[in-house]
Amino acid sequence: MMRILLFLATNLAVILVASITLRILGVENYLAGTGLNLGSLLIFCAVFGFAGSLISLLLSKKMAKMATKTQIIEKPRNADERWLLDTVAELSQKAGIKMPEVGIFPSQQSNAFATGWNRNDALVAVSSGLLQRFRPEEVKAVLAHEIGHVANGDMVTLALIQGVVNTFVMFFARIAAYAVDSFLRRGEGGGRGFSYYITVFVFEIIFGIAASTIVAWFSRRREYRADEAGALLASPAAMIGALQRLKAEAGMPDQMPDQLTAFGINSGIKQGFMKLIATHPPLDDRIAALQQFRK
C-alpha cells in the first residue's frame, strides 16, 4: 500500500506545488472579470501539467538511483556482476536498443525496475534478493521483462499520459472551484474569494486520486506487454517461472518505492479499491496471459 500512496502523492505534489507557486507569483491571470476564459485556462493547465511530468521523466534515472540506493556496475567485481552485464547486453541487442546502465539495489524483496527518459538512455536494476534466490534463467527473464519496457517506450508514454491527466485535473479543479466560489459569493462584487483557492486544492486532490486510476490502468496494460517481451527475449517457460516465484514470495514486505515513469516487475497484492490504482495486474492473471501467449 505504501508504494501506491507514494505514487499518488508524487503526482498530486506536482500539481499542488505548481498551483501554490503560480498563486504566489500571481501567474493565474486566466480569469477575465467574473467570467472564466476556458481556452486560456486549458493552455495554462497543459503547460504546467506537462512540465511537471516531463521534468520527472528527465530526472527519473537520478531519482530512482537515490530512492532505491542503486549501485551502478561500472566494472564488474565478481562473476555475478559480469554475468549480469553480459546478459543485459545480449537482451538489449536482441531488442534493438542501446545498452542501458545496469545496477543492483539493496532489498530482500525480489524486484527489478527500468526507467529513463528514452529507450537509448535507460537504467535497468535488480534487487539483491532477486539475484540471491532466483535461478539464472529466471533472472534473465526478469531482465528481459524490463528491457521490454524500455524497448516499448513505456516510460515516455507514461509521462505523456501523466501530463494529460495533470492537465485535466488542474483544468476541471479550477472550473469546479470557480463554480463553488461563485455560488458562495453570489450577489457580491467581481473577483475571486479566498474559498476559490481552498476549493482548488481540495478538487485537485479528489480529481487527482480519481485520475490516477487511468494512469494505473495504462501501467497494468504495459505489464502484460513487458511479460510477452520477456517470453520472447528469454523464454516463455522462464518468464512464467519467474512470475510463479514472485507469487510464492508475495508475503514479503514491499520495499521499493514507486518512481514516476519507473516500471518494476513486482508490486505485491492489492485488494478492493487498491486494485484500481495498482500499477501491476494480479500475478495469476499475468501467468494465465503468458500461458495463452505461448500456445
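R77 is exposed, because its relative accessibility is 69%. Here exposed means over 50% relative accessible area, buried means under 20%, and partly exposed lies in between (1.4 Å probe, protein chains only). The side chain of R77 meets that of E81 in a salt bridge, 2.6 Å from N to O. E81 counts as buried, at 6% relative accessibility.

This is a predicted model, in which local features need pLDDT of at least 70, side-chain atom pairs count only at pLDDT 80 or more, and totals for chains, interfaces and linings use all residues. Residues are numbered from 1 along each chain as its sequence is written, and side-chain values use heavy atoms, with hydrogens and water left out.

**The chain as a whole**

The chain has 10 helices and seven strands. These are DSSP runs, numbered from the N terminus: helices are H or I with at least four residues, strands are E with at least two. Of the 295 residues, 49% are buried. The chain exposes about 13500 Å², and carbon and sulfur atoms supply 64% of that area. Accessible areas come from the Shrake-Rupley method with a 1.4 Å probe; for residues, only the protein chains shown count as cover.

**Salt bridges**

The structure holds 16 salt bridges. Each is a side-chain nitrogen of Lys or Arg within 4 Å of a carboxyl oxygen of Asp or Glu. Three of them are listed here.

| Pair | N to O distance |
|---|---|
| R77 and E81 | 2.6 Å |
| R135 and E138 | 2.8 Å |
| K247 and D284 | 2.6 Å |

K247 and D284 link distant parts of the chain, 37 residues apart. K247 sits in helix α9 (residues 236–248) and D284 in helix α10 (residues 283–293). K247 is partly exposed at 42% relative accessibility. D284 is partly exposed too, at 45%. Elsewhere, K61, K65, E101 and D121 are linked in a network of salt bridges.

**An enclosed strand**

Strand β6 (residues 122–127) is largely enclosed by the rest of the structure, because six of its six residues are buried. Both faces are covered: A122, V124 and V126 lie on one side, L123, A125 and S127 on the other. Strand β4 (residues 101–105) pairs with β6 in the parallel sense, over five bridges. V102 stands opposite V124. Strand β5 (residues 112–116) pairs with β6 in the antiparallel sense, also over five bridges. Two strands count as paired if DSSP finds at least two bridges between them. A112 stands opposite V126. A hairpin of five residues joins β5 to β6.

**Cores and a surface patch**

The largest nonpolar core has 37 residues, with L143 and M239 making the most contacts inside it. Such a core is a set of buried Ala, Val, Leu, Ile, Met, Phe, Trp, Tyr and Cys residues joined through side-chain atoms within 4.5 Å. Helix α6 (residues 136–151) gives the most to this core, with seven residues. Another core, of six residues, lies apart from it; L158, V169, A211 and F218 are among its members.

Helix α7 (residues 154–184) supplies the largest share, three residues. F168 is in helix α7 and is partly exposed, at 37% relative accessibility.
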